[in-house]
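The following note sets out points for a colleague who has the model open. It moves from ring pairs to the cores and then to the sheet.

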Amino acid sequence: MGAGGTRFSNAHFRFGRRSDNFWRRALPVHACCAAARMGSRVELGFAEEAAPWRLRSAQFPSKVGGRPAWLGESGLPGPAELRCGRCGRPCAFLLQLYAPLPGRPDAFHRGLFVFCCRGPACYRPGAQGPLRVFRNQLPRKNDTYSYDPPPEAPPPEGHPPVSLQLQCGAQLCRVCGCLGPKACSKCHRAHYCSKDHQTVDWKLGHKLSCAQSAQLDTAIPDHKFLFPEYEIVIEPEEMETPGDSQTDADTQKNLEKHDELAAAGGASDGFESLDEEVLEAMAKHETREDKIFQKFKNRIAAEPEQILRYCRGGEGPIWISGENIPQMKDIPNCSCGAQRMFEFQVMPQLLNHLKVDSLGESIDWGTLVVYTCAENCNQANGYMEEFIWKQDITADST
């Protein structure tokens with residue numbers, strides 16, 4: 001458990017779960033499936049082991065950790081855009097989600113990329129600086145990818161396991177896989193996003209292997225900077241049973257009554273209008289915070305290992321706490337002027353997969369909520385920065 005946080009353990013293992021490749025879902029024959037992304041249906045993401053080639057090749061993966069599998073090759077976010085807003089160090093790639101939009105030819109391919117600082121001190125409650133999210137999209141006909149879907153097959157033998165150069169010629173950092181404008185002054189073959197990462201790589205072997213520049217693409221040490229790599233497998237959320245729906249409805253009703261009582265200042269005549277269940281809850285000192293956290297737990301109980309919830313244009317996020325819930329004024333408009341809308345949220349269960357705990361200190365969150373441009377603007381096929389909100393688990397949530 002990270003400092004100030006509560007994690008949810010897996011109820012069971014999930015064997016053999018796989019879903020259709022998102023690109024295939026975006027093709028016309030699967031339009032009805034992809035259309036669910038614009039409705040109120042919630043889709044859940046789960047972290048699963050996968051062959052490395054599936055996560056690192058041009059298959060448009062939805063994945064956690066490792067190096068980002070960039071979508072468009074122009075307008076990549078630079079080192080300045082990928083620095084922590086609190087400590088100034090380079091952020092690490094956290095996850096990416098392939099989420100094309102039906103009916104939008106300019107977003108036939110569409111990816112969302114989330115980055116985060118690896119420094120635990122930057123995650124103190126309420127801090128929003130250590131997180132970044134970017135959106136990129138391409139039409140089906142573009143200069144980088146084939147018009148037809150890529151083959152679902154591993155690359156030929158001899159293909160380098162890690163490529164640090166894009167087709168357009170742009171070089172990527174050996175440590176993090178982000179844009180690497182800095183080059184080693186000796187070999188001119190190793191590229192880095194920052195002096196921080198150049199220093200790390202130099203200490204871990206580049207000092208000795210610098211002259212062997214031909215081996216740079218295959219001899220990359222473990223810098224202990226990347227997160228463990230998983231595929232994100234998407235499935236629709238199962239419909240609630242009538243009993244579950246009633247439980248959530250009762251919880252919401254009690255929340256509303258609790259708020260009404262608080263607004264009335266706790267006047268004695270307010271107790272006359274409260275039913276026995278609410279009075280009993282108040283007698284047990286049940287708070288609004290308890291109720292919101294219980295509602296959160298009820299909603300994820302059927303699939304406690306979910307790491308992501310997606311529902312663009314439909315149901316909003318489920319909050320883990322009654323504190324630090326953003327208002328509309330807290331969510332800035334897109335640079336194009338359009339409002340932003342909820343698209344997906346990252347769940348605390350993901351922290352169990354990242355292996356970040358260290359002596360009681362860890363990067364931590366209750367939930368990360370991503371808001372994207374409602375108009376899904378596209379500026380020269382570049383990477384548009386979107387907005388991400390971190391909500392923490394309060395001390396009252398157990």
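**Notes on the predicted model**

1. The count of aromatic pairs comes to 11, where rings of Phe, Tyr and Trp (its six-membered ring) pair if their centres lie within 6.5 Å, and planes under 30 degrees apart count as stacked, over 60 as edge-to-face and the rest as tilted. One of them is the edge-to-face pair of F115 and F134, with 6.2 Å from centre to centre and 75° between the planes. Because F115 belongs to strand β4 and F134 to strand β5, this pair ties together parts that are 19 residues apart in sequence. Helices (H or I, at least four residues) and strands (E, at least two) are DSSP runs, numbered from the N terminus.

2. This is a predicted model: local features need pLDDT of at least 70, side-chain atom pairs count only at pLDDT 80 or more, and totals for chains, interfaces and linings use all residues. Residues are numbered from 1 along each chain as its sequence is written, and side-chain values use heavy atoms, with hydrogens and water left out.

3. Both F115 and F134 are buried, buried meaning under 20% relative accessible area, exposed over 50% and partly exposed in between (1.4 Å probe, protein chains only). A further edge-to-face pair joins F342 and Y371, at 6.4 Å centre to centre and 70° between the planes. It links distant parts of the chain, since F342 is in strand β10 and Y371 in strand β11, 29 residues apart. F342 is buried at a relative accessible area of 10%, and Y371 is buried at 7%.

4. One aromatic cluster is formed by W70, F93, F113, F115, F134 and Y383.

5. The largest nonpolar core has 63 residues, and L94, F344, L354 and W365 have the most contacts inside it. Such a core is a set of buried Ala, Val, Leu, Ile, Met, Phe, Trp, Tyr and Cys residues joined through side-chain atoms within 4.5 Å. Strand β3 gives the most to this core, with six residues. Apart from it lies another core of 11 residues, among them V42, C311, F342 and Y371.

6. An open sheet of 11 strands runs in the order β12-β5-β4-β3-β2-β8-β1-β9-β10-β11-β13, with antiparallel pairing; two strands pair if DSSP finds at least two bridges between them. Its edge strands, each pairing on one side only, are β12 (384-385) and β13 (387-391). Strand β1 (residues 43-48) pairs with β8 in the antiparallel sense over six bridges, and E43 stands opposite P236 in β8.
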